Amino acid sequence: MAALLERIKRYARSPQGRRTAEQVRRAAADPRRRAQAQGLLRRFGKRH
């Protein structure tokens, strides 16, 4: 598990990881995308 977290941290610090993070931030700021994500979370969150 620690190795997986280390790989995720390394990716997040890489240029590609930073680009991905920026794309996610932009998508989260878009009201239409935010509504889509909330709809998906509601749909999958009700499954137990």
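Colleague: On what basis are the features counted, and which residues qualify?
Modeller: This is a predicted model, in which local features need pLDDT of at least 70 and side-chain atom pairs count only at pLDDT 80 or more, while totals for chains, interfaces and linings use all residues. Residues are numbered from 1 along each chain as its sequence is written, and side-chain values use heavy atoms, with hydrogens and water left out.

Colleague: How many helices and strands does the protein contain?
Modeller: Helices (H or I, at least four residues) and strands (E, at least two) are DSSP runs, numbered from the N terminus. Here there are 3 helices and 0 strands, giving the pattern α-α-α along the sequence. The C-alpha trace spans about 30 × 30 × 10 Å along its principal axes.

Colleague: What percentage of the residues is buried?
Modeller: Buried means under 20% relative accessible area, exposed over 50%, and partly exposed in between (1.4 Å probe, protein chains only). Of the 48 residues in the protein, 2% are buried.

Colleague: How is the packing of two helices described?
Modeller: One gives the angle between their axes and the distance between the axes. Axes are lines fitted to C-alpha atoms, for helices over the stretch in contact, and angles run from 0 to 180 degrees between N-to-C directions. For helix H1 (residues 2-13) and H2, the axes come within 4 Å and cross at roughly 80 degrees. H1 and H2 are therefore roughly perpendicular to each other, a term that covers 65 to 115 degrees. The contact (heavy atoms within 4.5 Å) involves Tyr-11, Ala-12 and Arg-13 of H1, together with Pro-15, Gln-16, Gly-17, Arg-18 and Thr-20 of H2.

Colleague: Which residues does Glu-22 pair with?
Modeller: Glu-22 meets Arg-25 in a salt bridge at 3.2 Å, N to O; both residues lie in helix H2 (residues 15-29), 3 residues apart, about one turn of the helix. Glu-22 also forms a salt bridge with Arg-26, with the closest N and O atoms 3.8 Å apart.

Colleague: Is Glu-22 buried, partly exposed or exposed?
Modeller: Glu-22 counts as partly exposed because its relative accessibility is 35%. Arg-25, at 52%, counts as exposed, and Arg-26 counts as exposed at 51%.

Technical notes. A salt bridge is a side-chain nitrogen of Lys or Arg within 4 Å of a carboxyl oxygen of Asp or Glu. Angles under 35 degrees count as roughly parallel, over 145 as roughly antiparallel, 65 to 115 as roughly perpendicular and the rest as oblique.
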